[in-house]
Amino acid sequence: MKSKRTGKPVFFIVFVLILALAYSAFFGIENYYGDTRKVYVKGAGDIRWGIDIRGGVEAVFSPDKEDVDITDDDMDAAKAIIETRLVNKNITDYEVYTDNDNHQIIVRFPWAANESDFDAAEAVRELGETALLTFCRGEDQSDVILSGATDIDHAQAGVDQDGNYVVYLYFTNVGTGKFATATAQLVGSTISIWMDETEISAPKVNQAITDGSAYITGLGGSEEAKELADKINAGSLPFALTVDNSKLQIISPSLGSDALRVMLIAGSIAFGIVCLIMILRYRLNGVIAAIALLGQLAGTIACISGFFPNTSSFTLTVPGIAGIILSVGVGVDCNVIAAERIREEFKKGKTIDGAIDSGFKNALSAIIDGNVTIVIVSIVLIGAFGTPDNIIAKIFSPLMSLFGSSITGSIYSFGYTLLVGVIFNLIMGVLASKYMLKSISQLKVFRKPWLYGGKKNA
């Protein structure tokens with residue numbers, strides 16, 4: 001059966017899309033109004049670098065009340081919530097230790113991508129907030145109706161039908177019953193919503209709400225909505241924490257920006273050499289492979305930089321860079337397998353169209369097997385070394401206790417970059433490469449078997 005041909009414009013469409021992705025992922029899209037920078041799409045310059053590359057902050061948190069009976073379980077709960085808050089902000093290169101004897105939590109994490117003042121006190125401000133959401137009768141906190149700690153299942157930032165930023169709240173079964181009863185009793189009255197000691201909303205109840213959900217309005221933008229949702233999802237600390245400013249320390253990077261610059265230059269040169277070798281070895285297949293590798297690298301950077309709406313920059317460490325390099329190597333392997341299979345089909349006497357179709361078909365199983373294996377390993381690494389409350393982390397917790405916190409963020413970063421790199425390899429190295437090659441082969445000037453690995457006189 002003759003395979004369906006791919007239209008000639010497909011190559012140019014995919015090529016332009018990859019170039020657009022590469023430009024926006026590496027350089028971002030922004031504009032300046034005087035000294036004000038307006039970012040539309042975050043680029044590589046907005047990446048949050050790890051402690052090993054850019055340095056960071058070390059802070060010591062302590063309970064704000066000395067007369068409170070604090071148990072080791074309370075300290076562990078506070079540690080877990082701080083870790084979750086860090087990961088919610090995509091700060092994955094962190095170290096969190098508990099000193100149960102002195103009731104202290106020591107936290108180390110990197111500077112934000114746009115940090116210029118290097119204000120350590122401001123950097124740690126949000127981590128120690130109790131972040132307890134409560135619904136209260138009237139406009140004071142004397143009569144609590146619901147508590148976020150027990151009655152709210154999860155929160156999600158979003159936009160309502162009028163285009164306003166809101167935070168949607170989804171109650172537990174118990175919370176649904178409480179809220180239905182309260183709103184039925186308070187029709188025409190006010191229910192105030194509080195985050196710790198701050199009132200964030202005071203809506204009027206128009207009717208009983210029985211569907212187990214509600215939403216918070218009056219938020220300033222997407223960042224504020226996401227920040228509030230993250231705090232609610234992270235949970236409330238068992239006690240408020242204060243920071244001893246005298247113990248705040250600025251951590252110097254172990255490598256620094258100069259080493260990063262050298263790595264980027266070396267990586268760019270290596271990428272160029274690999275693409276050149278692919279082109280010399282596999283001719284037109286190599287050109288398509290180079291374009292696909294560029295798309296894979298751009299897609300990976302986009303997933304790190306906060307390229308997509310309502311996402312923060314992932315914290316990129318040296319092991320994370322190693323994950324990118326390894327995923328590019330997997331991408332090269334994917335394209336080499338396909339190119340070699342196409343060559344083999346020419347030796348069997350296939351036409352250009354037949355060789356391309358059969359070559360990709362025969363290469364698919366080997367490519368999928370290798371990539372799926374890496375995806376599984378990456379997911380396990382992300383789960384085991386990610387937020388402490390996820391299922392995989394709980395399964396591996398006895399093993400993880402043998403390692404220090406410093407290795408957690410490094411392996412998480414490696415697993416994340418490897419995962420997104422391999423996913424984009426499947427998109428670019430399998431789908432995009434195939435359709436670009438099938439498309440360009442329809443152009444008369446490229447209807448020559450030797451361009452694809454066949455004999456020159458064929």
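Visitor: How many aromatic pairs does the structure hold?

Guide: The model shown here is predicted. The structure contains nine aromatic pairs. One of them joins Phe-11 and Phe-15, whose ring centres are 5.7 Å apart. The planes of these two rings stand at 10°, and planes under 30 degrees apart count as stacked, so this pair is stacked. Both residues belong to helix H1, which covers residues 9-27. Phe-11 and Phe-15 are four residues apart in H1, or about one turn of the helix. Phe-11 has a relative accessibility of 8%; because buried means under 20%, this residue counts as buried. Phe-15, in turn, has a relative accessible area of 28% and is partly exposed.

A further aromatic pair is formed by Phe-135 and Phe-171. Here the centres lie 6.0 Å from each other, and the angle of 80° between the planes goes with an edge-to-face arrangement. This pair connects distant parts of the chain, since its members are 36 residues apart. Phe-135 is found in strand E7 (residues 133-137), and Phe-171 is found in strand E10 (residues 165-171). Both Phe-135 and Phe-171 are buried.

To return to the rings of Phe-11 and Phe-15, they also take part in a cluster: ring pairs link Phe-11, Phe-12 and Phe-15.

Technical notes:
Residues numbered from 1 in each chain as written. Predicted model: local features only at pLDDT ≥ 70, side-chain atom pairs only at ≥ 80, totals over all residues. Heavy atoms only, no water. Phe/Tyr/Trp six-rings, centres within 6.5 Å; stacked < 30°, edge-to-face > 60°. Helix = DSSP H or I, 4+ residues; strand = E, 2+ residues; numbered from the N terminus. Buried < 20%, exposed > 50% of the residue type's maximum accessible area, 1.4 Å probe, protein only.
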